Amino acid sequence: MTPTPTAEAARRRTFAIISHPDAGKTTLTEKFLLYGGALTAEAGAVKARAGRRAATSDWMELERQRGISITSTVLQFPYRDHVVNLLDTPGHRDFSEDTYRVLAAADAAVMVLDAAKGIEPQTLKLFDVCRQRGLPLLTFVNKWDRPGRDPLELLDEIEQQIGLVATPVTWPVGIAGDFRGVIDRRDGLYTRFTRVSRGATEAPEELVEAERAAGEEGEAWDRAREELELLDSVAADLDPKTFLAAESTPTFFGSALTNFGVRKLLDAVVDLVPAPAPRLDADGTPRPLDAPFSGFVFKVQANMDPSHRDRIAFVRVCSGRFERGMVVTHGPTGKPFATKYAHQVFGQERETIDEAYPGDVVGLVNATEVRVGDSLFLDEPVTFPAIPSFAPEHFSVARVRDTGRFKQFRRGIAQLDEEGVVQVLRDPDLGDQEPVLAAVGPMQFDVALHRLEHEFGAPAELSPTSFRLARRTNRSSADSLRGMRGVRILERADGTLLALFESQYWVERLEQEHPELLLERLVAEGSVG
Ligand code: G4P
């Protein structure tokens with residue numbers, strides 16, 4: 001008997017890992033795969049494989065040169081009797097639109113902190129996005145095998161900086177760098193840490209009785225007990241209700257490199273992360289899980305494979321059973337879309353996917369007309385809410401180097417805009433001649449230039465502008481703003497008018513002097529960058 005979508009959804013856990021670069025996201029991802037049985041070879045294979053793939057593709061060349069990951073990937077593996085979908089976010093230093101969109105497809109996130117560094121700028125920014133989406137957040141304090149900060153101080157920092165109550169589920173015995181093990185606050189059991197060589201195998205987990213541990217761990221034990229009493233007195237206990245409401249964050253201590261604490265974290269993902277729930281449509285009506293297939297596109301990527309020059313749309317399934325080969329309707333155009341080529345995509349590696357359920361991600365090849373935010377459905381029409389774009393903070397004028405390549409330049413710019421690599425803003429008087437590219441982080445510009453040259457055959461150059469923020473406006477306000485100093489009015493492909501400013505101060509001044517003008521904030525503007 002075919003399982004129902006509701007039953008399959010109940011087994012799914014779909015989440016993303018967020019972190020500042022170097023906090024250990026890649027390592028933790030590898031370890032999750034190891035514990036999920038998806039990595040049979042030694043841990044580290046993910047990185048090694050990624051390196052090999054990158055070498056074979058000009059599209060990934062930039063990633064290889066920089067040792068970064070620009071594309072995001074989706075990993076699926078079984079764990080206990082569940083199916084875990086790990087949406088990997090791009091790992092580069094700049095925040096990009098991509099990350100934002102990936103989080104739109106996740107039901108929760110795991111925030112990885114470096115024990116020595118605590119909350120770093122990128123973590124804060126990513127956290128802002130989670131907050132906007134109301135995403136429940138688990139926290140993993142990583143690298144406890146190395147010297148780091150005081151655990152109570154770290155909890156305090158989480159509360160102060162991101163406003164979530166940190167509820168430690170495990171508590172470290174021994175300071176960072178002299179890691180002895182963790183006490184599980186739910187049952188009081190002590191798990192001793194045994195160092196394994198770079199964590200090639202699962203870490204041996206030795207459960208030690210409290211009395212024996214007290215004798216063997218001595219001072220470190222006493223100190224942990226004192227800290228635990230303090231925690232008990234401030235009632236910082238795991239609370240699934242406030243976790244789901246994104247008010248508290250269950251916190252774990254460990255070391256991804258040596259595998260310690262990874263299993264407890266993965267168990268928590270399965271036990272605490274909510275299963276995919278009926279998704280609200282644009283009118284706020286939930287689409288039942290057992291309704292016919294539906295999903296929304298959260299990412300579009302062209303030319304991932306240079307030998308195919310194709311275009312893949314990543315769809316998060318929201319209801320029903322997806323079967324490869326089914327012909328679904330593309331919401332915005334009403335056209336049929338054949339899903340003969342459905343893949344599970346991991347970097348450059350693809351596997352044909354035959355069926356999928358709510359919470360799963362399907363990569364649809366040949367998605368020429370499909371855009372980020374579009375809905376796809378079978379039988380019963382549905383429109384899911386648009387994924388808002390992030391507020392850009394960098395603006396550069398793009399020009400083609402060789403005017404004979406203008407056609408290619410124009411096509412490339414349009415493609416990059418559709419994929420959301422950069423936002424393309426035009427001056428209605430100049431059209432496509434000198435579009436302004438807008439991005440959240442400057443790395444997006446490098447990617448755009450690289451792709452314009454290598455994929456579209458249109459080498460281009462960028463001149464930075466002094467604009468730093470944009471506000472949404474309307475026609476009548478735009479007419480008044482055009483004559484003002486320090487403002488530029490540009491238009492997005494969807495017709496939205498944006499007013500660009502050099503500083504927050506200038507916007508505020510204009511707002512005071514001209515309260516009649518529409519100067520609407522874009523999503524997440526003003527977050528720490
Ligand atoms: P990222 O994806 O968040 O950028 O971080 P990544 O996992 O690549 O980890 C960054 C560095 O931190 C790596 O070292 C990794 O080995 C190390 N690391 C990750 N988790 C732990 C941990 O629990 N303990 C310790 N001590 N180190 C950890 P690297 O030298 O940059 O790379 P590699 O040569 O080890 O691969």
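## Ligand shell and helices of a predicted chain

The accessible surface of the chain amounts to about 21,900 Å², and carbon and sulfur atoms hold 49% of it. The model is a predicted one, and what follows should be read as values computed from its atoms. The chain has 529 residues, of which 57% count as buried, and its secondary structure comes to 15 helices and 30 strands. Among contacts between residues at least 6 apart in sequence, 72% join residues that are at least 24 apart.

**The ligand and its surroundings**

Which residues come nearest to the ligand? Of the 18 residues around it, these are D22, K25, T26, T27 and D145. By type, the shell around the ligand divides into four nonpolar, seven polar and seven charged residues. Helix α2, which covers residues 25–35, gives the most to this shell, with three residues.

| Residue | Protein atom | Distance to a ligand oxygen atom |
|---|---|---|
| A23 | backbone N or O | 3.4 Å |
| T26 | polar side-chain atom | 2.4 Å |
| S255 | side-chain N or O | 3.1 Å |

On its own the ligand has 710 Å² of accessible area, and the protein covers 72% of that area.

D22, one of the residues that come nearest to the ligand, lies in the loop between β1 and α2. Its phi is positive, at about 80°, although D22 is not a glycine. Most residues other than glycine have a negative phi. D22 has a relative accessibility of 58%, and because exposed means over 50%, D22 counts as exposed.

Is helix α2 itself largely enclosed or largely open? Nine of its 11 residues are buried, so α2 is largely enclosed by the rest of the structure. The buried residues of α2 are K25, L28, T29, E30, K31, F32, L33, L34 and Y35, and K25 is also among the residues that come nearest to the ligand. Just after α2 comes G37, which takes a positive phi of about 75°.

**Helix α6**

Within α6, the buried residues are Q122, T123, L124, K125, L126, F127, D128, V129 and C130. An α-helix has 3.6 residues a turn, so residues three or four places apart point the same way. Against which elements do the buried residues of α6 pack? They pack against the helices α5 (97–104) and α7 (151–162), and also against the strands β1 (12–19), β4 (108–114) and β5 (137–142). After α6 comes G134, whose phi is positive, near 65°.

N259 is a residue other than glycine with a positive phi, near 75°. N259 is placed in the loop between β11 (248–253) and α11 (262–272). Is N259 buried or exposed? Its relative accessible area is 0%, and because buried means under 20%, N259 counts as buried. D22, by contrast, is exposed at 58% relative accessibility, while its phi is likewise positive, at about 80°.

Conventions
Residues numbered from 1 in each chain as written. Predicted model: local features only at pLDDT ≥ 70, side-chain atom pairs only at ≥ 80, totals over all residues. Heavy atoms only, no water. Near = heavy atom within 4 Å. Polar contact = N/O pair within 3.5 Å; in protein donor to acceptor, adjacent residues only side chain to side chain. Areas by Shrake-Rupley, 256 points an atom, 1.4 Å probe, with all protein chains shown as cover. Helix = DSSP H or I, 4+ residues; strand = E, 2+ residues; numbered from the N terminus. Nonpolar A, V, L, I, M, F, W, Y, C, P; charged D, E, K, R; others polar. Buried < 20%, exposed > 50% of the residue type's maximum accessible area, 1.4 Å probe, protein only. Contact = heavy atoms within 4.5 Å.
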